[in-house]
Amino acid sequence: TVSLDSDVKIEKTGEKPKYVSKEVVGATYIQKGVMLAMEQFTSKSNTTTVEDSELGTLQRKPVMVLMSDGAPTLGSTDFTNPKKYNIGTGSSTNTSLGFVSQLSAAYAKQQIEQKYDSSCLFYTLGLGVGGDSVATSVLNPANSSSQINSLWTDYNKANVGGKITVPNSSEKVKKISQPLEQNYVDGFFEVDASSKDKAKELKKAFADIVETIQIQSK
């Protein structure tokens, strides 16, 4: 259940919103969200430059932020085009789901950088995910589980076009020709789910992300 704090008001009127809570149900398909974001960046209609009246033509700096309160519960071994999931039940997570989610995130970053001919800043924000090794692996791949790291080793050793089987499934991941970097995250931020004031902590986390972007973009 997502609820608004009692002191939240509509800025223009000062009134409280009519609806203060909403029940959210469904699975966590991180790959799909990441790829939808990638498509926004790589769309042909999205230019890589912007015109400024004083500074002239400026190169855009792509920045992606992934926020999640849990680990992936659905996934696809077709990580470059995960339109339909083929692993996961929607109610629990596992190593395979973490691995394919990492592959999609690494691929998305690689594709964005290819279009912009520039590094893509990729930040993640976790809400109470510290106790879940798969969630932590996806949001902070530098601290991935040994099982996920082992799958990356198998993937990197495979020949281009070769396939590796993911655990607890008969599905296979096909190695693509583009090199992928497992540690795709430039900064990981976390909010304690037990905090009494999560709204303020989330606001601070986003402020920290913006500040980090400004520093790393210079």
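## Largest nonpolar core

In this predicted model, the largest nonpolar core holds 39 residues, of which Phe79, Phe99, Leu103, Tyr155, Val173 and Leu180 touch the most other members. A nonpolar core is a set of buried Ala, Val, Leu, Ile, Met, Phe, Trp, Tyr and Cys residues joined through side-chain atoms within 4.5 Å; buried means under 20% relative accessible area, exposed over 50% and partly exposed in between (1.4 Å probe, protein chains only). Two or more residues each are given to this core by helix 1 (30-42), strand 5 (63-68), helix 2 (95-116), helix 3 (133-139) and helix 4 (146-157). Helix 2 supplies the largest share, 10 residues. Helices (H or I, at least four residues) and strands (E, at least two) are DSSP runs numbered from the N terminus.

Leaving aside residues up to four places away in sequence, Phe99 touches Ile148, Leu151, Trp152, Tyr155, Ile164, Val166 and Val173, contact being heavy atoms within 4.5 Å. Another core, of 8 residues, lies apart from the largest one and includes Leu125, Phe189, Ile209 and Ile213.

## Helix 5

Ala205, Ile209 and Ile213 are the buried residues in helix 5. Because they cover an arc of only 80° around the axis, they lie on the same side of helix 5; the arc is that of the directions from the helix axis to the C-beta atoms. Strand 5, strand 6 (121-127) and strand 9 (187-191) are among the elements covering these buried residues. The face turned away from the buried side carries the exposed residues Lys200, Lys203, Lys204 and Ile215.

## Basis

Residues are numbered from 1 along each chain as its sequence is written, and side-chain values use heavy atoms, with hydrogens and water left out. Local features need pLDDT of at least 70 and side-chain atom pairs count only at pLDDT 80 or more, whereas totals for chains, interfaces and linings use all residues.
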